[in-house]
Amino acid sequence: MEWQSLTKEDCAKKLGTNMKTGLSSGQAAERLKKHGRNELQQPKRRSLLLRFLAQFSDFMVIVLLIAAGISFITSFLEHNNDYIDSIIILFIVTMNAIIGLVQESRAEKAIEALKKLSSPHAHVIRGGEEQRISASELVPGDLVILREGDLVPADLRLIEAVNLKAEESALTGESLPSEKRADCICAADTPLGDRYNLLYSTSSIAAGHGKGIVTATGMDTHVGKIAHMITNQSAPQTPLQKKLAQTGHWLGSGALVICLIIFIMGLFQHIPPIEMFLISISLAVAAIPEGLPAVVTIVLAIGVRRMAANRGIVRRMPAVEALGSASVICSDKTGTLTQNRMSVVELRDASGPVEIQTEKGRQILDLASLCCNCTVSGKTIHGDPTEVAIVAVAPTEKNRLDAQFPRIREIPFSSERKMMTTVHRLSGGRFRIIAKGAPDILFTHCTSGAARQNEEMASRALRVIGVAYRDVDVLPEKPEEIEQNLIFCGLIGMIDPPRPQVKSAVELCKKAGILPVMITGDHAATAAAIAKQLGILEGKKRVITGSALDALSQKELEKNIYDYTVFARVSPEHKVRIVKAFQAHGEVVAMTGDGVNDAPALRAADIGCAMGISGTDVAKAASDVILTDDNFATIVAAVREGRGIYENIKKTVHFLLSCNIGEILTVFVGFLLRLPTPLLAIQLLWVNLVTDSLPALALGVEPIDKNIMNRKPLKLNESIFSGGMGYNIIVEGCLIGTLSLLAYSIGRIYFDLDPSAPVIGRTMAFAVLSLSQVVHTFNMRSTRSIFEAGIFANPKLVLAAIACVALQLAVIVIKPLSVIFKTSMLTGYQWLIVASLSFIPLAVVEIEKAITFRNSNHRL
């Protein structure tokens, strides 16, 4: 029902209520049964067990579980009680599942925050008597009494309004309280912020008083619809999550195919099925980097800490990396791009601009300050935002002015009059009449005006207040006579100004290939003025309003989405449509905002960023990142951090996969040559979980490249292996695998007494595989030579390398550990061979880097 388009009498009739006595207690009880309590519904939650089991749906995890099951069955059939492989695999996947479970359920928190915004009590008239009831007991048709400071407990159609103003910025995005009128009628398609005869749940009464009839409660309210949108809006996967999922699917499928091929080949070669199962498990373990999920999680956690130090609290870890891929930043205006407080920016008289510091400027502001109803306590000013802005900039302190020129009378402001007049006592028994208000109205009460100056200021979306005065010996008795023959003094232009750092942040966005977009509930002219100041609206880009958006289908919006960088007078539904239109083109969308009206779009965006100071609990609960300083510039700094994290994760993936290819090659070639398994499953697990993971973590804290914001964002469909990374992974993996096989062959042929049980050969292969990977980590730090980048430039990597070497020595040298890992003590000569082979990757990659650098210089 479009209540704004009906008269208050028609609304009362349709709602079956009386505008004087309200509902009877019996009617209220019946309607409570029919409509339910005035509360937001909690979404149905899956049980803890189901949510935990859902964490095991990843393809790579399924393959690992299959490997664990095969290992367990094989050990059981052989009666050897060697279940350590199965236990380790189950431990890994269980830990990953717990981490995933902890990060869930943001939508539920958003709904809980919405519930907290609801007014706990309401004053109603039932059966002709005023009552104070719980807001949850309100029903459609209830007659609600509203006073200054009250929270609006439900959606209402006003039937009385006396100087009523409502604070609706959390819903509409407007900086100023909205004036409300009971007698006006609005068109059905009137934007939310212009429905002057309606009030919405969770807004508040900023001034005046009135009465309203409840039109909707609970989930039927406007904020209830937002809650429903949040519940039905799932946060999309981040680019890295998608790419790692693709990588996991590829690795898992590859592992299964290789295992199947080898198993069939083994059967043709008459190898016992039990032995083939063991070989297949080794290959599955070799193919899948078990430590990758944990490493990525920890690297992201490190990024979370760094973000927190830079005023960005991350609620969902993958969002850190997603920020680095952001290609569009959709930002709310009020409180995000602007300061969410009105400020005086310009003064004019009939001749033109006036400086604040001049005598004329002092006169305009002091007169206006006297005509304000603000209260000043220390450095704090309380009152209407427009009047607060005037009093804050007035040269003379408000309390001093009031003491010097006592007010003896006031003709209050009303939405019909659009002006306010005060009368002050002067020395000598004279009186000063001061009026301020809408210039076009004020000019009709003055002996002269400044229409051209007013038009020029209004054309730049300034909120313009006119000031006039008159000194009299005898005060007229009639109000209409008091406000006649005033002397026009000047015009005060004010606006909600942009945050100081935002303009440079917008420029940096453009430099980084990111499109900044303004989405606001404010008027088109105001939005356009701010957007032009910030550089968001320029060239052929245009402004579009919510009503114009309604005339476009989603396909039409998607087709023309790049024509607009400013979306004004929009609703929560519009914001979600805009986000999805950009996403349809493969854009990674970051959405910033602070209001309840921003919550659905924050949820739908790839990265939702809420304001920490001015942001509502709803916006924070629906977001991925909270900016503690409410500064748009912080989101741009977060993008830089995200890009650096993505680069570091790419390095870790590069490193881990090249190591895994080396492991696959070692086991696979050993099988093809009909050799005893070069590496056991437990040894492969050790390498993947310890001697791979620690250096990989150290790669995650590499310093961010200073030129990283000069690059374009990564395309959503761009593979993580692009730019030759896939080729490098294969080549480096083959090198590591070859070196491990060489160590295995040397140990088996020259040092093992029984080549069919090559303990020394296996130990040497195990050591070379592990240590060569530790050395290879230093190759991953930079595309430049390690000597140019600095061997000790990343102290954490040096410490990780030392720890890995020590751990690898421990499982070979310490007897109880060597029994578990089935290794043998090596002689000094054997260790020399291991060390020599382990350093070969560093030498080879250094030669490759030198050749690449020489070729690139030659092309230049």
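**A walk through the chain, starting at a glycine**

Just after helix α21, G535 takes a positive phi of about 85°. Before going further, note that this is a predicted model, in which local features need pLDDT of at least 70, side-chain atom pairs count only at pLDDT 80 or more, and totals for chains, interfaces and linings use all residues. Residues are numbered from 1 along each chain as its sequence is written, and side-chain values use heavy atoms, with hydrogens and water left out.

Back to α21, which covers residues 524–534. Elements such as this one are DSSP runs numbered from the N terminus (helices are H or I, at least four residues; strands are E, at least two). In α21, T526, A527, A528, A529, I530, A531 and L534 are buried. Buried means under 20% relative accessible area, exposed means over 50%, and partly exposed is in between, with a 1.4 Å probe and protein chains only. What do the buried residues of α21 pack against? They meet helices α13 (333–337) and α20 (502–511), along with strands β18 (487–495), β19 (515–519), β20 (542–545) and β21 (564–568). Contact here means heavy atoms within 4.5 Å.

Now zoom out. The chain holds 36 helices and 24 strands, and 55% of its 860 residues are buried. Take the contacts between residues at least 6 apart in sequence: 72% of them join residues at least 24 apart.

A450 sits in the loop between α17 (439–442) and α18 (451–458), and its relative accessibility of 6% is why it counts as buried. Leaving out residues up to four places away in sequence, A450 touches D349, A350, F443, F488 and L491. The C-alpha atoms of A450 and G352 are 9.0 Å apart, although 98 residues separate the two along the chain. D594 is in the loop between β22 (589–593) and α25 (599–604), and D594 is buried too, at 7% relative accessible area.

Next, the cores. In soluble globular proteins, nonpolar side chains tend to be buried together. A nonpolar core is a set of buried Ala, Val, Leu, Ile, Met, Phe, Trp, Tyr and Cys residues joined through side-chain atoms within 4.5 Å. The largest one here has 74 residues, and L323, I329, I607, V625, F632 and I635 touch the most other members. Helix α27 (residues 632–672) gives this core its largest share, 11 residues. Apart from it lies another core, of 34 residues, including L680, L684, M764 and L769.

Helix α30 (residues 725–751) and helix α31 (residues 759–780) pack at about 155°, with their axes 8 Å apart. Axes are lines fitted to C-alpha atoms, for helices over the stretch in contact, and angles run from 0 to 180 degrees between N-to-C directions. The pair is therefore roughly antiparallel; that label goes to angles over 145 degrees, while under 35 is roughly parallel, 65 to 115 roughly perpendicular and the rest oblique. Among the residues that meet are I736, L739 and A743 in α30, and M764, A765 and V768 in α31. By class, this contact of α30 with α31 has 12 nonpolar, six polar and three charged residues. Ala, Val, Leu, Ile, Met, Phe, Trp, Tyr, Cys and Pro count as nonpolar, Asp, Glu, Lys and Arg as charged, and the others, Gly among them, as polar.

Helix α30 also packs with helix α35 (residues 828–838), at about 160° with axes 10 Å apart, which makes these two roughly antiparallel. L739, L742, A743, I746 and F751 in α30 meet Y829, Q830, I833 and L837 in α35. That contact of α30 with α35 divides into eight nonpolar residues, one polar and no charged.

Most residues other than glycine have a negative phi. R674, in the loop between α27 and α28 (681–691), has a positive phi of about 60° although it is not a glycine. With a relative accessible area of 51%, R674 is exposed. K822 is not a glycine either, yet has a positive phi of about 55°. The loop that holds K822 runs between α34 (815–821) and α35, and K822 is partly exposed, at 39% relative accessible area.
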